[in-house]
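I opened the notebook to record a few look-ups in one structure.

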Amino acid sequence: MSHRKTNGMTGEQENLRRRSTADSSENHADPEQHQRFPRRPSQSDRLCVGPHHPDLAVAETPSPDASHHFCHYTPKCLLAVHRGGQSGTPARSTPSRFGEEGWHDASTKTTIRAENEVEANREANNYKFGFRKWKGNVTERPIKDRSDIVKELYSDLNTVKPQAGSVITCGNIAYVFLFGWWISLIYFLICPVMFLTICGAPYGKLCWKMTCYFMWPFGKSIKKASDAGKKCCVKFPNCEPIPEERDTEDSKDLSRVKETTPLLVSSPVPIEIPVPEPPSKKPSPHWCRFNTYVWLVLGYPLLAVVHSLACLLSWLLVFTIPVAKMNARTLGTILLMAPEDVQIHKLEKTHGCETRVVLCCYRAFNVYYYKYTVQGINIFALNLLPLVLVTLIIGYTDRGHRYFSVEAKFATAISSIIPLSYYIGMGIASIAAQSNFAVGAVVNATFGSITEMTFYITALLQGHRAASKCYEEIVKAALTGTLLGCILFIPGICMIIGGIKHREQRFNSRSAGVSSALLFISIGGVFAPTLFSKTYGNLMCESCTNTPGNVSAPFVCRDCHYDTSQTDPHLVLSHIEPLVYTISVMLPAAYLIGLIFTLKTHSHIYDIHISDGHGGHGHAGHHVVHWSRWRALAVLIVATLLMAACADLTTENIQPIIAHSSVSQYFIGVTVLAMVPELPEIVNGIQFALQNNISLSLEVGSCIAVQVCMIQIPLLILFNAFYDVGFVLVFSDIHLWASIFSVIVVNYIFMDGKCDYFQGTALVVVYLILLALYFFAPSPRSC
């Protein structure tokens with residue numbers, strides 16, 4: 001938004017502009033004070049994007065004269081001058097465009113910092129209604145700008161740093177039992193073999209050194225003999241320390257002179273500084289020795305297998321990734337060095353100076369490795385990716401279940417959906433962050449529900465081929481389970497974890513009210529055909545008995561249900577199907593009205609400011625995207641195809657489990673089939689709650705629940721209209737009353753705009769009670 005400076009600008013407005021410029025310069029000049037006290041968000045670093053939810057818990061309230069701005073991310077300085085407003089005028093004296101209530105919403109805006117334009121777009125999309133919420137970054141973050149904990153995760157274990165505390169920890173002791181003893185044992189067995197070759201005796205000594213090292217590598221360092229003693233602390237010769245200047249008048253005058261002296265002064269006499277050429281790197285002479293090739297034949301192959309196995313196991317365990325790095329460095333560097341160059345030293349206390357070595361490890365276990373990413377991909381999603389290939393291989397090659405049981409195939413297939421759902425979510429976030437609003441909306445609408453829709457359609461097709469209505473009941477149970485989990489479990493677990501850390505959290509009750517209203521509309525529309533069938537259908541019972549010889553005795557009936565097909569064959573075709581099609585049109589229309597309400601007409605409810613994390617300076621405009629738009633689109637397509645294959649294997653192997661399981665089919669559909677694909681969303685919600693952003697945590701669940709009712713179910717009805725698989729939108733009683741009760745409970749929780757761990761506990765307990773109800777419920781008649 002641009003503001004023209006007119007000739008009639010008042011003196012107070014000019015003073016306001018000057019003070020704003022001075023405040024901005026002071027904030028950049030004193031970074032230490034900037035860290036201690038939150039800087040007032042100025043227009044120079046503010047990204048004003050609507051529509052968004054304000055995060056009241058991290059609220060950084062703008063000045064009362066703040067107005068609504070809708071502009072693009074830019075590090076340029078913008079000045080907002082309010083017409084007719086005085087600097088000393090109270091906040092309520094200036095009426096808001098949206099009235100008194102609108103001013104209350106405007107006073108609770110949130111400023112969220114973003115590193116660059118793409119991250120700013122991602123943060124903005126998180127607060128847009130109907131967009132998938134994504135916590136992870138879609139651009140690379142420089143390591144130097146991150147915390148010391150994260151820097152340690154990406155270290156190469158080649159620096160000796162000042163270490164506080166003891167190296168005797170539970171994780172290091174666990175390393176001895178998990179890895180240390182058998183790696184040391186292999187070295188101990190190879191050691192005499194190398195000594196017996198006589199010429200390989202130097203490598204025998206190396207094996208003995210490594211035996212002792214890998215038994216307890218902590219507090220030790222491996223150096224190269226030629227590099228021993230070299231430190232990364234550079235000392236310049238012929239330099240004397242400069243004494244500290246005292247705060248005197250002369251020193252102040254001298255400092256003023258120094259401050260006014262230009263940094264670049266042209267010198268009349270050119271000075272040539274000779275730059276020595278770097279010495280050419282010569283190959284090590286040990287590669288010309290015979291014992292090196294004896295070592296490569298007798299010792300190195302076995303150790304390569306051992307270290308590769310240890311590296312793989314420790315990498316899969318995630319929290320032991322330092323062990324994987326240590327084994328990789330040993331295999332690729334240390335074992336290929338000359339044996340006399342390998343020196344192992346016990347670390348001594350260093351005083352502020354870091355020393356560069358070949359290998360140095362302090363801890364084998366680090367709990368913060370759940371944050372570790374490779375090309376922006378979380379380590380857990382990366383480690384689960386091979387599981388997808390294993391699922392496809394054993395699922396499509398072992399059709400006769402000779403080598404793998406049905407239970408094993410089902411477990412691998414349902415688990416493979418988790419990483420694929422993660423890749424789909426990251427692909428959607430990457431494309432939406434690098435594109436305009438229209439493209440982002442289209443991508444979220446098409447791929448946002450692709451995980452659930454793939455499973456539902458494959459299950460209905462499998463039931464149609466098997467001529468069994470059991471699959472339809474499983475799909476309905478999965479739909480209801482997704483609703484219950486997103487309404488009760490996701491907000492509840494986020495409130496518990498966030499409340500334990502932050503005691504009490506606040507959210508925008510106005511935006512939560514919009515989601516609650518849409519949930520009421522969704523539940524009413526989805527279960528309207530069910531209520532219709534109960535009103536006009538007959539109560540049918542499977543077995544009715546009475547006392548023999550006593551006509552007046554009442555009948556005892558079991559397994560009673562409402563059936564519309566027995567009373568009037570044309571009732572379903574003439575009444576229920578038109579009702580279902582009408583609802584399938586009205587629900588997306590209501591969703592569209594919600595989009596217009598939140599994104600256009602009442603966007604001030606969700607308004608939020610996203611500022612440049614560098615204050616408009618630095619490398620705010622330079623960023624490296626993890627996935628380009630074409631790469632993200634390719635990942636989306638491949639992940640969708642793999643998702644379809646895994647969903648097909650899941651539905652193919654679920655029938656034997658259902659047939660021979662003592663657990664109700666309702667329970668399997670409500671829990672496993674409904675919540676496993678939503679695990680990445682649950683993790684995102686928990687991460688938002690830990691950062692005191694409970695607004696986004698609640699929106700994660702509400703957004704999925706609304707999309708299930710207003711997008712996914714109408715799409716299933718549309719699919720059934722073109723390819724009849726027998727899907728009828730009539731749910732059982734247990735689904736009806738559980739969903740209605742859940743919406744009422746969560747609407748009561750969202751009323752006051754505050755939450756704590758007790759309210760979260762109440763939601764989780766209600767969810768567990770409903771799960772117990774499904775667990776003890778009898779299986780559907782069609783199963």
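**Entry 1: the model.** I note that this is a predicted model. I keep that in mind throughout.

**Entry 2: helix 16 against helix 22.** I started with helix 16, residues 470-502, and helix 22, residues 679-690. Their axes come within 8 Å and cross at roughly 30 degrees. Angles under 35 degrees count as roughly parallel, so I log helix 16 and helix 22 as roughly parallel to each other. I also checked the hand: the crossing of helix 16 and helix 22 is right-handed.

Next I listed who makes the contact. From helix 16 I have Phe-489, Ile-490, Ile-493, Cys-494, Ile-497, Gly-498, Lys-501 and His-502. Helix 22 supplies Ile-682, Gly-685, Ile-686, Ala-689 and Leu-690. I sorted this contact of helix 16 with helix 22 by class and got nine nonpolar, three polar and one charged.

**Entry 3: helix 17 against helix 23.** Then I turned to helix 17 (residues 509-526) and helix 23 (residues 694-722). I find their axes within 10 Å, with a crossing of roughly 30 degrees. By the under-35-degree cut-off, helix 17 and helix 23 are therefore roughly parallel to each other. Which hand does the crossing of helix 17 and helix 23 have, left or right? It is left-handed.

On the helix 17 side, the contact uses Ser-511, Ser-515, Leu-518, Leu-519, Ile-521, Ser-522, Ile-523 and Val-526. On the helix 23 side I noted Glu-699, Ser-702, Ala-705, Val-706, Cys-709, Met-710 and Ile-713. The contact of helix 17 with helix 23 divides into ten nonpolar, four polar and one charged residues.

**Entry 4: Val-706.** I picked one residue from that contact. Val-706 lies in helix 23. Is Val-706 buried or exposed? Its relative accessible area is 1%, so Val-706 is buried. I then looked up its neighbours, leaving out residues up to four places away in sequence. Val-706 touches Phe-129, Ser-515, Leu-518, Leu-519, Tyr-591 and Ile-711. I checked the spacing to Leu-518 as well. Val-706 and Leu-518 are 188 residues apart in sequence, yet 6.8 Å apart in space, C-alpha to C-alpha.

**Entry 5: salt bridges.** How many salt bridges are there? The count comes to eight. Side chains of opposite charge can pair when their charged atoms come close.

Asp-398 pairs with Lys-409, with the closest N and O atoms 3.9 Å apart. Asp-398 sits in the loop between helix 12 (379-397) and helix 13 (406-433), and Lys-409 in helix 13, eleven residues apart. Asp-398 is at 6% relative accessibility, so I mark Asp-398 as buried. Lys-409 is at 3%, so Lys-409 counts as buried too.

Glu-652 and Arg-399 meet in a salt bridge at 2.6 Å, N to O. This pair links distant parts of the chain: Glu-652 is in helix 20 (residues 629-659), Arg-399 in the loop between helix 12 and helix 13, 253 residues apart. I find Glu-652 partly exposed at 26% relative accessible area. Arg-399 is partly exposed at 44%.

Lys-469 forms a salt bridge with Glu-472, closest N and O atoms 2.4 Å apart. Shared partners join Lys-469, Glu-472 and Lys-476 into one salt-bridge network. Lys-469 is partly exposed, with a relative accessible area of 42%. Glu-472, at 6%, counts as buried.

Definitions and conventions. Residues numbered from 1 in each chain as written. Predicted model: local features only at pLDDT ≥ 70, side-chain atom pairs only at ≥ 80, totals over all residues. Heavy atoms only, no water. Axes fitted to C-alpha atoms, helices over the stretch in contact; angles between N-to-C directions. Helix = DSSP H or I, 4+ residues; strand = E, 2+ residues; numbered from the N terminus. Parallel < 35°, antiparallel > 145°, perpendicular 65-115°, else oblique. Left-handed = near helix turned anticlockwise from the far one by under 90°. Contact = heavy atoms within 4.5 Å. Nonpolar A, V, L, I, M, F, W, Y, C, P; charged D, E, K, R; others polar. Salt bridge = Lys/Arg side-chain N within 4 Å of Asp/Glu carboxyl O. Buried < 20%, exposed > 50% of the residue type's maximum accessible area, 1.4 Å probe, protein only.
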